[in-house]
Amino acid sequence: MSLPLINKRILIVEDEQVFRSVLVGYLASLGAQTSEASNGLLALSAVEEFAPDLILCDLAMPEMDGIEFVEHLRLQGIKIPVLVISATDKMADIAKVLRLGVQDVLLKPLTDLNRLREAVLACLYPNMFTSQAIEEAELLQDWQALSQNPSEAVRLLKQLQPQVQQCIAGCRINYRQLTTSENLGLVLDIAALSDKDLAFYCLDVTRAGDNGVMAALLLRALFNGLLQDHLANQQHRLPQMSALLKQVNQLLRQGKLEGQFPLLVGYYHAEYKNLVLASAGLHANVNTGDNLIQLSNGVPLGTLGTTYMNQISQRCDAWQCQVWGNGGRLRLMLSVE
């Protein structure tokens, strides 16, 4: 009998005891060692004690739910692969955990255990499953439905916009949308990668019709995970945004999203005070107090098979970034707490 999970340690975080037992039995039959936790709070202790290679996690749980649990892991810099198994019907929740870097989302009821086996193997042996990348990039199992319902896609994207003021990764951040239009124009996303660094991007969704909104949802799901993988390969050096944007450009093409996608991407490390910015088609300038820097706007993604853009790097503990394009104008401000 094949035991593809021999010597693999899997933590199951699930409050339904019967389903948890089913998972334990099935994974054990494939050779895995398992540990169990009934909520996210207990799972945090189990992560330290059990040192899993993979975590299977529900979203709706008492004490600490799955989203809070994954947020705690990522803010602590723990990059253990996470596979979510949930009965949620909230697209926003699924989009949020994908953005936090979970490897896959399976929906309950889980009637096909072969699908579970494939997903677990893909998480543990990602290099063997690269052909699945674009399937997971198509923003969840409802991607097709969203593609056919632009108004629902717009509603979801508006719901996912970040708070105007927040404190993350040791920084105080606020932004202002300098436009009177109620339509989506410049779409901002910003999130912590750990307790010391954060990433953000600004996408102009006005130059690709309905595909602009779909591209924004795709970025929402994948950008942080792509950047975290890139940083891991950089061995904690500053990111090279050109390599990251090439990946994003390729995903847009694989997803058959045609049009122009002006995009600004950024990274800030609060401990080292390093800001990295790159623009592919958006105008931007940065004021660090000591310097005012104009970014070359470059070529929007989707225009060419390759990307051409410039990257700047500045050391500063506070900055303001003005971004503008067809979709309006936005000002993003950050200071280290």
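Colleague: Why is Tyr201 called buried?

Modeller: This is a predicted model, and in it Tyr201 has a relative accessible area of 2%; because buried means under 20%, Tyr201 is counted as buried.

Colleague: What makes Tyr201 and Phe223 an aromatic pair, and which kind of pair is it?

Modeller: The count comes to 3 aromatic pairs. In the pair formed by Tyr201 and Phe223, the rings are 5.0 Å apart centre to centre, with 65° between the planes. Centres have to lie within 6.5 Å, and planes over 60 degrees apart count as edge-to-face, so this pair is called edge-to-face. The pair links distant parts of the chain, with Tyr201 in strand β9 (residues 197-204) and Phe223 in helix α9 (residues 210-233), 22 residues apart. Phe200, Tyr268 and Trp319 form one aromatic cluster.

Colleague: What makes you say that the charged end of Arg9 sits over the ring of Phe50?

Modeller: The charged end of Arg9 is 4.3 Å from the centre of the Phe50 ring, where the distance limit is within 6 Å and the position must also be within 35 degrees of the ring normal; the contact is listed as sitting over the ring.

Colleague: How do you know whether Asp58 is buried or exposed?

Modeller: Its relative accessibility is 4%, and because the limit for buried is under 20%, Asp58 counts as buried. Asp58 lies in the loop between β3 (54-57) and α3 (66-75), and beyond four places in sequence it touches Val13, Glu14, Asp15, Gly66, Ile85, Ser86 and Lys108. An unreviewed UniProt entry lists Asp58 for "modified residue: 4-aspartylphosphate".

Colleague: Why does Glu337 fall into another class, and which one?

Modeller: Glu337 has a relative accessibility of 57%, and since exposed means over 50%, Glu337 counts as exposed. Glu337 is found in the segment after β16 (328-336), and, leaving aside neighbours within four places in sequence, it is in contact with Cys167, Gly170, Cys171 and Arg172.

Colleague: What makes the approach of Glu337 to Arg172 a polar contact?

Modeller: The side chains of Glu337 and Arg172 come to 3.4 Å, and the cut-off for such a pair of N or O atoms is within 3.5 Å, so the pair is counted as a polar contact.

How values were computed: Residues numbered from 1 in each chain as written. Predicted model: local features only at pLDDT ≥ 70, side-chain atom pairs only at ≥ 80, totals over all residues. Heavy atoms only, no water. UniProt positions renumbered as here; feature names shortened; annotations may be inferred. Helix = DSSP H or I, 4+ residues; strand = E, 2+ residues; numbered from the N terminus. Buried < 20%, exposed > 50% of the residue type's maximum accessible area, 1.4 Å probe, protein only. Contact = heavy atoms within 4.5 Å. Polar contact = N/O pair within 3.5 Å; in protein donor to acceptor, adjacent residues only side chain to side chain. Phe/Tyr/Trp six-rings, centres within 6.5 Å; stacked < 30°, edge-to-face > 60°.
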